[in-house]
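Please look over the sequence and the coordinates before reading on.

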Amino acid sequence: MRFFTVLGLPILGILVTIQPSIAATCTVSKYDEDNIKNIVSECKDITLDNLDVPAGVTLNLNLNPGTKLTFQGTITWGYQEWNGPLLNITGEQLEITGAPDHVIDPKGNIWWDGKGEHGGTVKPVFFVLHGLKDSVIHDLKIKNTPYHAIWIEHSDGVIASDVYIDSKDGDTMGGHNTDGFNVWTSNNVTLERITVFNQDDCIAIKSGTNVLVRDVYCYGGHGLSIGSVGGRDYNIVENVLVSNVEIENSDNGVRIKTVYGATGSVTNVTYEDIFLVGINNYGIIIEGDYNIDTGSPTGVATDGVPIKDFTLRNVTGTVKESGVNIYVLVKSASDWHWSDIDVTGGEQTKECEGIPEDSGISCE
Ligand SMILES: *[C@@H]1O[C@H](CO)[C@@H](O)[C@H](O)[C@H]1NC(C)=O
Ligand SMILES: *[C@@H]1O[C@H](CO)[C@@H](O)[C@H](O)[C@H]1NC(C)=O
Ligand SMILES: *[C@@H]1O[C@H](CO)[C@@H](O)[C@H](O)[C@H]1NC(C)=O
Ligand SMILES: *[C@@H]1O[C@H](CO)[C@@H](O)[C@H](O)[C@H]1NC(C)=O
């Protein structure tokens, strides 16, 4: 079914109103590339209704400024091994949202094999928000992503709120590297009231400036990450505030990773009011020795990506007995302010190297 309503009557083949179609409401319920292209260019209020996107296809929506896009019903994608993305949205002053009953379900469980990006099936990135400007995303429900869920990249001015990413099935069905949010090379990004059940980073800020993350719940993944920073096209993280996050049953709580031998900077980062519950590996881990090729630490930190002006305030909670409460291995860090840190349950501090003086933490 195709609903394509255009305001304005064609008279003698000519549309009489000025910009006749731009106010139209348009619904897509069947995938047809040409129809979608038309709708995207003609409409400013678009509904995707129970759409099933064929296998191996990116649903590319390069929207007109000011467009409202609504997901309605169940949105699905067919199975194919490829890198994706399955959904790619670009535009300015957009509003991207979901109707109350909707679920966006790429059926990632069909790809899952416990290997994530390290082999097995080739798994597509799910949702790329590319070059978004002054846009809001709110009230979205996303289920079972094959691989990373949402990338915000090359964007300036994005507010994502009330987004629920539920890849919990991956805990028992082989989900891996199912990152919740990744932010790359973007400015002025707010993520608020976010819930993520997954098997990798809950929220990872790879690079970007003026990023605010607040009121978040993370379960089952790798916690909050900055990095890895270094070795990419853009290697700056600056002015980040992360506030009021609960991280439960995850590999890490708070993590900053910078790349061994690379250059860049991590400046003015604050985490406050973070509550950890049953963390598996590291409650707080700040490491300057990440090898981007092997994905493992080298054990030796380098000084090319200094962590400056770094505040941790009111970070509390528990690590499992087999885990480590706090791990720091950095070089050339400065101006750290840690206060009200109470992370317990794991072994004593395992590594504690490179912490600037007067930081409010000490190594015993
Ligand atoms: C997403 O869409 C934008 C704009 O159409 C394009 O420049 C970009 O390459 C696309 N990204 C991917 C990964 O397809
Ligand atoms: C940041 O982005 C939001 C969302 O588009 C916008 O409302 C706000 O004005 C932007 N702030 C700055 C300083 O650009
Ligand atoms: C540090 O970051 C915070 C939060 O993003 C921001 O409000 C503040 O202005 C920044 N400080 C400096 C010196 O830029
Ligand atoms: C510390 O953070 C917790 C959330 O983890 C919050 O409930 C509590 O009010 C905060 N304490 C202070 C003194 O701000």
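On a 1 Å grid over the protein atoms alone, a cavity is a set of points where a 1.4 Å probe fits but cannot get out, and lining residues have an atom within 4 Å of a point; grid points are joined across faces, edges and corners, and a volume is the space filled by probe spheres set on the points. The model is predicted, so that local features need pLDDT of at least 70 and side-chain atom pairs count only at pLDDT 80 or more, while totals for chains, interfaces and linings use all residues. Residues are numbered from 1 along each chain as its sequence is written, chains are lettered from A and ligands numbered from 1 in the order in which they are written, and side-chain values use heavy atoms, with hydrogens and water left out.

One cavity of 30 Å³ or more is found in the whole structure, and the largest cavity holds about 40 Å³ of space. Its lining consists of Ile203, Ile205, Val213, Leu224, Ser225, Ile226, Val242 and Tyr271, with strand 20 giving the most, three residues (strands are DSSP runs of E, at least two residues, numbered from the N terminus). By class, this lining has seven nonpolar residues, one polar and no charged, where Ala, Val, Leu, Ile, Met, Phe, Trp, Tyr, Cys and Pro count as nonpolar, Asp, Glu, Lys and Arg as charged, and the others, Gly among them, as polar.

## The largest pocket

A pocket is an open set of grid points with protein on both sides within 12 Å along at least five of seven lines, and the largest pocket has about 770 Å³ of space. Of its 31 lining residues, Glu117, Arg255, Lys257, Tyr290 and Gly295 are the closest to its centre. Strand 24 (282-291) supplies the largest share of the lining, four residues.

Because domain 1 (24-192) and domain 2 (200-364) both give residues to the lining, the largest pocket lies between them; the domain bounds come from an automatic or database domain assignment. The lining comprises eight nonpolar, twelve polar and eleven charged residues.

## Ligand surroundings

Asn60, Asn62, Pro85, Asn88, Thr90 and His130 surround ligand 1, and an N or O atom in the side chain of Asn88 is 2.4 Å from an oxygen atom of this ligand.

Around ligand 3 are Asn239, Leu241 and Asn268. A polar side-chain atom of Asn268 lies 2.4 Å from an oxygen atom of ligand 3, whereas for a backbone N or O atom of Asn239 the distance to an oxygen atom of ligand 3 is 3.4 Å.

Key: Near = heavy atom within 4 Å. Polar contact = N/O pair within 3.5 Å; in protein donor to acceptor, adjacent residues only side chain to side chain.
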